[in-house]
Amino acid sequence: MTPAAKGAQAALTVLGLESSCDESAAAVVRRHADGRVEVLADLVLGQAAAHAPYGGVVPEIAARAHAEVMDGLAKQALAQAGLELNQIDGVAATAGPGLIGGVMAALMTAKGLALGAGLPLLAVNHLEGHALSPRLSAPLEFPWLLLLVSGGHTQLLIAEGVGRYRRLGATLDDAAGEAFDKTAKVMGLPYPGGPAVEAMAAKGDPARFALPEPLKGKPGCDFSFAGLKTAAKETWERLENPSEQDRADLCAAMQAAIVKHLAARAARAMDLFAEAHPDVPAPRPLVAAGGVAANAAIREALETAAAARGFALIAPPQKWCADNAAMIALAGAERLALGLTDGLDAPARARWPLDAVSARLAPKSGEGRKGPKA
Ligand code: KG4
Ligand code: ZN
(Lines give C-alpha, C1' and ligand atoms only; values in the text may rest on other atoms or scores of the structure.)
(Ligands and ions follow the chains in the order given, each with its own letter.)
Protein backbone atom coordinates (compact mmCIF):
# COMPACT_ATOMS: atom_id res chain seq x y z
CA MET A 1 0.00 0.00 0.00
CA THR A 2 1.38 3.44 -0.84
CA PRO A 3 1.67 6.00 1.98
CA ALA A 4 -1.04 8.10 0.30
CA ALA A 5 -3.36 5.10 0.20
CA LYS A 6 -2.58 4.39 3.85
CA GLY A 7 -3.80 7.87 4.73
CA ALA A 8 -2.33 10.45 7.06
CA GLN A 9 -3.54 8.54 10.13
CA ALA A 10 -1.46 5.40 9.56
CA ALA A 11 1.98 4.67 11.01
CA LEU A 12 4.84 5.21 8.57
CA THR A 13 8.01 3.11 8.62
CA VAL A 14 11.11 4.64 7.04
CA LEU A 15 14.68 3.46 6.43
CA GLY A 16 17.14 6.32 7.01
CA LEU A 17 20.78 6.59 5.88
CA GLU A 18 23.44 9.07 7.01
CA SER A 19 27.01 9.70 5.78
CA SER A 20 27.55 13.48 5.80
CA CYS A 21 30.57 13.59 8.13
CA ASP A 22 32.45 10.75 9.81
CA GLU A 23 29.66 8.41 10.91
CA SER A 24 28.11 5.86 8.53
CA ALA A 25 24.65 5.11 9.87
CA ALA A 26 21.42 3.30 8.99
CA ALA A 27 18.19 3.12 11.00
CA VAL A 28 14.56 2.09 10.72
CA VAL A 29 12.00 4.28 12.47
CA ARG A 30 8.22 3.91 12.74
CA ARG A 31 6.31 7.14 13.30
CA HIS A 32 2.76 6.80 14.56
CA ALA A 33 0.14 9.41 13.68
CA ASP A 34 -0.17 10.39 17.36
CA GLY A 35 3.53 11.38 17.45
CA ARG A 36 4.84 8.19 19.09
CA VAL A 37 8.11 7.02 17.56
CA GLU A 38 9.59 3.53 17.61
CA VAL A 39 13.23 3.08 16.66
CA LEU A 40 13.29 -0.45 15.19
CA ALA A 41 16.98 -0.44 14.22
CA ASP A 42 19.76 2.08 14.84
CA LEU A 43 23.28 1.32 13.56
CA VAL A 44 26.29 3.65 13.57
CA LEU A 45 29.79 2.87 12.28
CA GLY A 46 32.17 5.59 13.45
CA GLN A 47 35.38 6.41 11.58
CA ALA A 48 37.21 8.19 14.41
CA ALA A 49 40.12 5.72 14.34
CA ALA A 50 40.71 6.32 10.60
CA HIS A 51 40.87 10.11 11.08
CA ALA A 52 42.67 10.19 14.45
CA PRO A 53 46.22 10.28 12.99
CA TYR A 54 45.29 13.51 11.16
CA GLY A 55 43.59 15.25 14.11
CA GLY A 56 40.42 15.90 12.09
CA VAL A 57 38.11 14.45 9.44
CA VAL A 58 39.85 13.81 6.09
CA PRO A 59 37.13 14.09 3.38
CA GLU A 60 38.60 11.50 0.98
CA ILE A 61 39.07 8.91 3.71
CA ALA A 62 35.51 9.56 4.94
CA ALA A 63 33.94 9.27 1.47
CA ARG A 64 35.68 6.00 0.68
CA ALA A 65 34.79 4.47 4.05
CA HIS A 66 31.11 5.46 3.68
CA ALA A 67 30.91 4.03 0.15
CA GLU A 68 32.31 0.71 1.35
CA VAL A 69 29.74 0.13 4.09
CA MET A 70 26.52 1.96 3.17
CA ASP A 71 24.63 -0.80 1.33
CA GLY A 72 25.62 -3.41 3.93
CA LEU A 73 24.47 -1.16 6.76
CA ALA A 74 21.09 -0.58 5.08
CA LYS A 75 20.61 -4.34 4.73
CA GLN A 76 21.65 -4.92 8.34
CA ALA A 77 19.24 -2.25 9.65
CA LEU A 78 16.30 -3.83 7.79
CA ALA A 79 17.29 -7.26 9.16
CA GLN A 80 17.50 -5.88 12.70
CA ALA A 81 14.02 -4.36 12.29
CA GLY A 82 12.77 -7.73 10.98
CA LEU A 83 11.48 -6.10 7.79
CA GLU A 84 11.88 -6.58 4.06
CA LEU A 85 12.24 -3.57 1.79
CA ASN A 86 8.65 -4.03 0.55
CA GLN A 87 7.37 -3.66 4.12
CA ILE A 88 8.58 -0.08 4.55
CA ASP A 89 6.99 3.13 3.31
CA GLY A 90 9.98 5.21 2.20
CA VAL A 91 13.77 5.56 2.04
CA ALA A 92 15.37 8.68 3.54
CA ALA A 93 18.97 9.87 3.29
CA THR A 94 20.88 12.96 4.29
CA ALA A 95 21.27 14.97 1.05
CA GLY A 96 23.39 17.70 2.72
CA PRO A 97 24.89 19.79 4.10
CA GLY A 98 28.16 17.96 4.57
CA LEU A 99 31.32 16.66 2.95
CA ILE A 100 30.07 16.09 -0.57
CA GLY A 101 31.82 12.77 -1.27
CA GLY A 102 30.34 11.37 1.90
CA VAL A 103 26.86 12.78 1.35
CA MET A 104 26.71 11.02 -2.01
CA ALA A 105 27.25 7.58 -0.44
CA ALA A 106 23.99 7.56 1.56
CA LEU A 107 22.00 9.50 -1.03
CA MET A 108 22.96 7.25 -3.93
CA THR A 109 22.30 4.11 -1.88
CA ALA A 110 18.88 5.49 -0.94
CA LYS A 111 18.09 6.35 -4.56
CA GLY A 112 19.01 2.83 -5.68
CA LEU A 113 16.84 1.23 -3.00
CA ALA A 114 13.92 3.59 -3.65
CA LEU A 115 14.06 3.01 -7.41
CA GLY A 116 14.45 -0.75 -7.08
CA ALA A 117 11.60 -1.16 -4.62
CA GLY A 118 9.32 1.54 -6.03
CA LEU A 119 9.39 3.50 -2.78
CA PRO A 120 9.33 7.26 -2.23
CA LEU A 121 12.69 8.99 -1.67
CA LEU A 122 13.11 11.53 1.12
CA ALA A 123 16.17 13.79 0.61
CA VAL A 124 16.64 15.08 4.15
CA ASN A 125 18.52 18.15 5.33
CA HIS A 126 20.90 16.87 8.03
CA LEU A 127 20.10 19.93 10.14
CA GLU A 128 16.40 19.08 10.05
CA GLY A 129 17.36 15.65 11.39
CA HIS A 130 19.09 17.31 14.37
CA ALA A 131 16.21 19.76 14.76
CA LEU A 132 13.63 16.96 15.02
CA SER A 133 15.83 14.61 17.09
CA PRO A 134 14.10 15.35 20.45
CA ARG A 135 11.00 13.63 19.03
CA LEU A 136 12.91 10.32 18.95
CA SER A 137 12.69 10.23 22.76
CA ALA A 138 9.28 11.78 23.46
CA PRO A 139 6.51 13.66 21.65
CA LEU A 140 7.21 17.42 21.53
CA GLU A 141 4.88 20.06 20.09
CA PHE A 142 6.20 22.82 17.80
CA PRO A 143 7.61 25.41 18.33
CA TRP A 144 10.85 24.90 20.21
CA LEU A 145 14.22 26.63 20.40
CA LEU A 146 17.19 24.61 19.16
CA LEU A 147 20.85 25.10 19.96
CA LEU A 148 22.78 22.91 17.54
CA VAL A 149 26.42 22.50 18.57
CA SER A 150 28.58 19.99 16.73
CA GLY A 151 31.89 19.68 14.93
CA GLY A 152 30.39 21.24 11.82
CA HIS A 153 27.64 23.55 13.10
CA THR A 154 26.88 26.06 15.79
CA GLN A 155 23.52 27.73 15.39
CA LEU A 156 20.38 28.79 17.18
CA LEU A 157 17.05 28.35 15.47
CA ILE A 158 13.35 28.17 16.16
CA ALA A 159 11.72 24.99 14.88
CA GLU A 160 8.21 26.10 13.94
CA GLY A 161 7.09 23.09 11.92
CA VAL A 162 8.40 20.41 9.55
CA GLY A 163 10.33 22.37 6.89
CA ARG A 164 9.78 25.62 8.78
CA TYR A 165 12.79 26.95 10.69
CA ARG A 166 13.85 30.45 11.65
CA ARG A 167 17.55 30.98 12.24
CA LEU A 168 18.38 33.38 15.04
CA GLY A 169 22.16 33.14 14.80
CA ALA A 170 25.08 31.01 13.67
CA THR A 171 28.84 30.94 13.94
CA LEU A 172 30.71 33.52 11.90
CA ASP A 173 33.78 31.28 11.66
CA ASP A 174 34.51 27.93 13.37
CA ALA A 175 31.97 25.60 14.97
CA ALA A 176 32.19 25.02 18.74
CA GLY A 177 33.32 21.42 18.19
CA GLU A 178 36.11 22.62 15.91
CA ALA A 179 37.32 24.96 18.66
CA PHE A 180 37.51 22.00 21.04
CA ASP A 181 39.15 19.74 18.42
CA LYS A 182 41.76 22.25 17.22
CA THR A 183 42.72 23.35 20.73
CA ALA A 184 43.09 19.71 21.72
CA LYS A 185 45.34 19.10 18.71
CA VAL A 186 47.59 22.06 19.59
CA MET A 187 47.97 20.70 23.13
CA GLY A 188 48.74 17.18 21.92
CA LEU A 189 45.42 15.68 23.03
CA PRO A 190 43.72 12.97 20.95
CA TYR A 191 40.92 13.43 18.39
CA PRO A 192 38.00 13.99 18.90
CA GLY A 193 39.14 16.80 21.16
CA GLY A 194 35.90 17.63 22.99
CA PRO A 195 35.83 14.66 25.37
CA ALA A 196 39.62 14.94 25.91
CA VAL A 197 39.41 18.65 26.77
CA GLU A 198 36.45 18.02 29.09
CA ALA A 199 38.35 15.30 30.97
CA MET A 200 41.48 17.49 31.36
CA ALA A 201 39.39 20.54 32.32
CA ALA A 202 38.09 18.65 35.37
CA LYS A 203 41.64 18.76 36.79
CA GLY A 204 42.35 22.38 35.88
CA ASP A 205 41.91 25.94 37.17
CA PRO A 206 39.75 27.91 34.72
CA ALA A 207 40.89 31.24 36.20
CA ARG A 208 44.64 30.85 35.58
CA PHE A 209 44.68 31.89 31.90
CA ALA A 210 42.66 34.84 30.62
CA LEU A 211 41.00 34.19 27.25
CA PRO A 212 38.97 36.75 25.27
CA GLU A 213 35.19 36.91 25.38
CA PRO A 214 33.96 36.45 21.77
CA LEU A 215 31.64 39.12 20.29
CA LYS A 216 31.64 40.92 23.63
CA GLY A 217 28.93 43.58 23.68
CA LYS A 218 27.79 42.70 20.14
CA PRO A 219 24.03 42.34 19.78
CA GLY A 220 22.36 39.30 18.21
CA CYS A 221 22.74 35.56 18.54
CA ASP A 222 25.75 34.86 16.31
CA PHE A 223 28.82 33.03 17.60
CA SER A 224 32.55 33.25 17.00
CA PHE A 225 35.23 30.81 18.12
CA ALA A 226 38.23 31.61 15.90
CA GLY A 227 39.65 34.32 18.20
CA LEU A 228 39.32 32.07 21.21
CA LYS A 229 41.04 29.24 19.40
CA THR A 230 43.94 31.48 18.35
CA ALA A 231 44.29 32.91 21.87
CA ALA A 232 44.43 29.40 23.34
CA LYS A 233 47.07 28.38 20.77
CA GLU A 234 49.21 31.44 21.52
CA THR A 235 48.89 30.89 25.27
CA TRP A 236 50.03 27.29 24.82
CA GLU A 237 52.98 28.23 22.60
CA ARG A 238 54.19 30.82 25.13
CA LEU A 239 54.59 28.13 27.80
CA GLU A 240 58.06 26.65 28.12
CA ASN A 241 57.97 22.89 28.59
CA PRO A 242 54.26 22.84 29.47
CA SER A 243 53.32 20.47 32.28
CA GLU A 244 50.21 18.34 32.74
CA GLN A 245 48.88 21.01 35.08
CA ASP A 246 49.44 23.72 32.42
CA ARG A 247 47.49 21.59 29.97
CA ALA A 248 44.66 21.02 32.45
CA ASP A 249 44.48 24.74 33.31
CA LEU A 250 44.31 25.79 29.65
CA CYS A 251 41.66 23.13 28.92
CA ALA A 252 39.63 24.45 31.87
CA ALA A 253 39.97 28.06 30.63
CA MET A 254 39.03 27.14 27.07
CA GLN A 255 36.03 25.08 28.14
CA ALA A 256 34.85 27.83 30.51
CA ALA A 257 35.09 30.43 27.73
CA ILE A 258 33.12 28.25 25.28
CA VAL A 259 30.49 27.47 27.93
CA LYS A 260 30.07 31.15 28.75
CA HIS A 261 29.75 32.17 25.10
CA LEU A 262 27.21 29.45 24.27
CA ALA A 263 25.10 30.19 27.36
CA ALA A 264 25.14 33.97 26.75
CA ARG A 265 23.98 33.66 23.14
CA ALA A 266 21.41 30.99 24.04
CA ALA A 267 20.05 33.35 26.73
CA ARG A 268 19.44 36.04 24.10
CA ALA A 269 17.78 33.51 21.82
CA MET A 270 15.47 32.46 24.66
CA ASP A 271 14.37 36.09 25.03
CA LEU A 272 13.71 36.31 21.27
CA PHE A 273 11.78 33.03 21.34
CA ALA A 274 9.62 34.24 24.23
CA GLU A 275 8.87 37.45 22.26
CA ALA A 276 8.09 35.56 19.05
CA HIS A 277 5.93 32.94 20.76
CA PRO A 278 4.34 34.54 23.84
CA ASP A 279 1.60 31.89 23.86
CA VAL A 280 3.96 28.97 24.52
CA PRO A 281 3.59 28.28 28.25
CA ALA A 282 6.59 27.92 30.60
CA PRO A 283 8.63 25.87 30.81
CA ARG A 284 9.35 26.58 27.14
CA PRO A 285 11.53 24.01 25.38
CA LEU A 286 15.24 24.66 24.72
CA VAL A 287 16.66 21.66 22.85
CA ALA A 288 20.44 21.15 22.77
CA ALA A 289 21.65 18.79 20.04
CA GLY A 290 24.96 17.91 18.36
CA GLY A 291 28.03 16.16 19.73
CA VAL A 292 29.19 19.14 21.81
CA ALA A 293 25.91 19.05 23.77
CA ALA A 294 27.35 15.96 25.49
CA ASN A 295 29.61 18.27 27.51
CA ALA A 296 28.44 18.30 31.14
CA ALA A 297 29.60 21.88 31.83
CA ILE A 298 27.70 23.11 28.77
CA ARG A 299 24.53 21.28 29.80
CA GLU A 300 24.77 22.66 33.33
CA ALA A 301 25.19 26.26 32.10
CA LEU A 302 22.30 25.88 29.66
CA GLU A 303 20.09 24.39 32.38
CA THR A 304 20.81 27.36 34.65
CA ALA A 305 20.24 29.94 31.89
CA ALA A 306 17.04 28.14 30.86
CA ALA A 307 15.62 27.93 34.38
CA ALA A 308 16.20 31.67 34.89
CA ARG A 309 14.05 32.42 31.81
CA GLY A 310 11.19 29.98 32.19
CA PHE A 311 12.70 27.43 29.79
CA ALA A 312 13.57 23.79 30.34
CA LEU A 313 16.57 22.14 28.70
CA ILE A 314 15.82 19.06 26.61
CA ALA A 315 18.96 17.19 25.63
CA PRO A 316 18.43 14.02 23.58
CA PRO A 317 20.51 11.03 24.76
CA GLN A 318 24.09 11.04 23.48
CA LYS A 319 23.42 8.46 20.71
CA TRP A 320 20.82 10.82 19.14
CA CYS A 321 22.72 14.03 19.96
CA ALA A 322 25.67 12.95 17.83
CA ASP A 323 25.26 12.07 14.14
CA ASN A 324 22.91 9.12 13.64
CA ALA A 325 20.45 7.79 11.09
CA ALA A 326 17.42 7.50 13.41
CA MET A 327 16.98 11.28 13.23
CA ILE A 328 17.22 11.15 9.41
CA ALA A 329 14.64 8.34 9.22
CA LEU A 330 12.34 10.32 11.53
CA ALA A 331 12.72 13.54 9.51
CA GLY A 332 11.95 11.43 6.42
CA ALA A 333 8.84 9.97 8.05
CA GLU A 334 7.62 13.42 9.12
CA ARG A 335 8.08 14.70 5.58
CA LEU A 336 6.46 11.61 4.07
CA ALA A 337 3.42 12.10 6.32
CA LEU A 338 3.05 15.56 4.74
CA GLY A 339 3.60 14.26 1.21
CA LEU A 340 6.95 16.06 0.92
CA THR A 341 8.75 13.44 -1.18
CA ASP A 342 11.68 14.01 -3.56
CA GLY A 343 12.51 12.99 -7.12
CA LEU A 344 15.44 10.75 -8.02
CA ASP A 345 17.20 13.87 -9.32
CA ALA A 346 17.50 15.28 -5.77
CA PRO A 347 21.05 16.74 -5.57
CA ALA A 348 23.72 16.08 -2.94
CA ARG A 349 24.55 19.47 -1.43
CA ALA A 350 27.69 20.58 0.41
CA ARG A 351 25.79 23.61 1.71
CA TRP A 352 22.11 23.74 2.47
CA PRO A 353 20.74 26.24 4.96
CA LEU A 354 17.69 25.08 6.83
CA ASP A 355 15.87 28.37 7.06
CA ALA A 356 14.09 29.99 4.15
CA VAL A 357 15.69 33.43 4.66
CA SER A 358 19.31 32.23 4.31
CA ALA A 359 18.32 30.04 1.37
CA ARG A 360 16.75 33.05 -0.38
CA LEU A 361 19.75 35.29 0.25
CA ALA A 362 22.12 32.93 -1.54
CA PRO A 363 20.04 30.40 -3.48
CA LYS A 364 22.97 28.75 -5.30
CA SER A 365 25.32 27.84 -2.49
CA GLY A 366 22.96 28.40 0.38
CA GLU A 367 25.04 31.06 2.04
CA GLY A 368 28.39 32.75 1.83
CA ARG A 369 30.13 31.24 4.81
CA LYS A 370 33.20 29.11 4.36
CA GLY A 371 33.62 25.62 5.75
CA PRO A 372 32.39 22.20 4.65
CA LYS A 373 29.19 22.24 6.67
CA ALA A 374 28.58 26.01 6.99
O1 KG4 B 1 27.53 15.89 16.23
P2 KG4 B 1 28.88 15.25 16.14
O3 KG4 B 1 29.05 13.86 16.63
O4 KG4 B 1 29.39 15.26 14.66
C5 KG4 B 1 29.37 16.37 13.83
O6 KG4 B 1 30.27 17.22 13.96
O7 KG4 B 1 28.43 16.48 13.00
O8 KG4 B 1 29.88 16.23 16.90
C9 KG4 B 1 31.26 15.95 17.01
C10 KG4 B 1 31.90 17.06 17.79
C11 KG4 B 1 33.42 16.99 17.83
O12 KG4 B 1 33.93 18.26 17.54
C13 KG4 B 1 33.70 16.58 19.27
O14 KG4 B 1 34.95 17.05 19.74
C15 KG4 B 1 32.56 17.23 19.99
O16 KG4 B 1 31.44 17.02 19.16
N17 KG4 B 1 32.32 16.63 21.32
C18 KG4 B 1 32.45 17.30 22.48
C19 KG4 B 1 32.21 16.37 23.52
N20 KG4 B 1 31.91 15.17 22.94
C21 KG4 B 1 31.97 15.36 21.59
N22 KG4 B 1 32.77 18.58 22.73
C23 KG4 B 1 32.85 18.96 24.02
N24 KG4 B 1 32.65 18.13 25.07
C25 KG4 B 1 32.33 16.83 24.87
N26 KG4 B 1 32.14 16.01 25.90
ZN1 ZN C 1 25.41 16.52 12.70
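How many bridges join S7 to strand S8 (residues 164-170)? Keep that in mind while reading; this is a predicted model, and here are my notes on it.

1. Six is the answer, and S7 and S8 run antiparallel. Leu 156 stands opposite Gly 169 in S8. The two strands make a hairpin with two residues between them, and Gly 163 in that turn has a positive phi of about 75 degrees.

2. One of the pairings is Trp 144 with Ala 159 in S7. S6 and S7 also form a hairpin, with four residues between them.

3. On to the rings. The count comes to three aromatic pairs. Among them, Phe 223 and Phe 225 are stacked, at 6.2 Å centre to centre with 10 degrees between the planes. Both of these Phe residues are buried.

4. Phe 273 and Phe 311 pair edge-to-face, 5.6 Å centre to centre and 70 degrees between the planes. Phe 273 belongs to helix H9 (residues 244-276) and Phe 311 to strand S10 (residues 311-314), so this pair ties together parts 38 residues apart in sequence. Phe 273 is buried at 0% relative accessible area, and Phe 311 counts as buried at 4%.

5. Two charges over rings are worth a look. Arg 135 lies over the face of Phe 142, 4.2 Å from the ring centre. The charged end of Lys 319 sits over the ring of Trp 320, 4.4 Å from its centre.

Key:
Residues are numbered from 1 along each chain as its sequence is written. Chains are lettered from A and ligands numbered from 1 in the order in which they are written. This is a predicted model: local features need pLDDT of at least 70, side-chain atom pairs count only at pLDDT 80 or more; totals for chains, interfaces and linings use all residues. Side-chain values use heavy atoms; hydrogens and water are left out. Rings of Phe, Tyr and Trp (its six-membered ring) pair if their centres lie within 6.5 Å; planes under 30 degrees apart count as stacked, over 60 as edge-to-face and the rest as tilted. Buried means under 20% relative accessible area, exposed over 50%, partly exposed in between (1.4 Å probe, protein chains only). A charge sits over a ring if NZ of Lys or CZ of Arg is within 6 Å of the ring centre and within 35 degrees of the ring normal. Two strands pair if DSSP finds at least two bridges between them.
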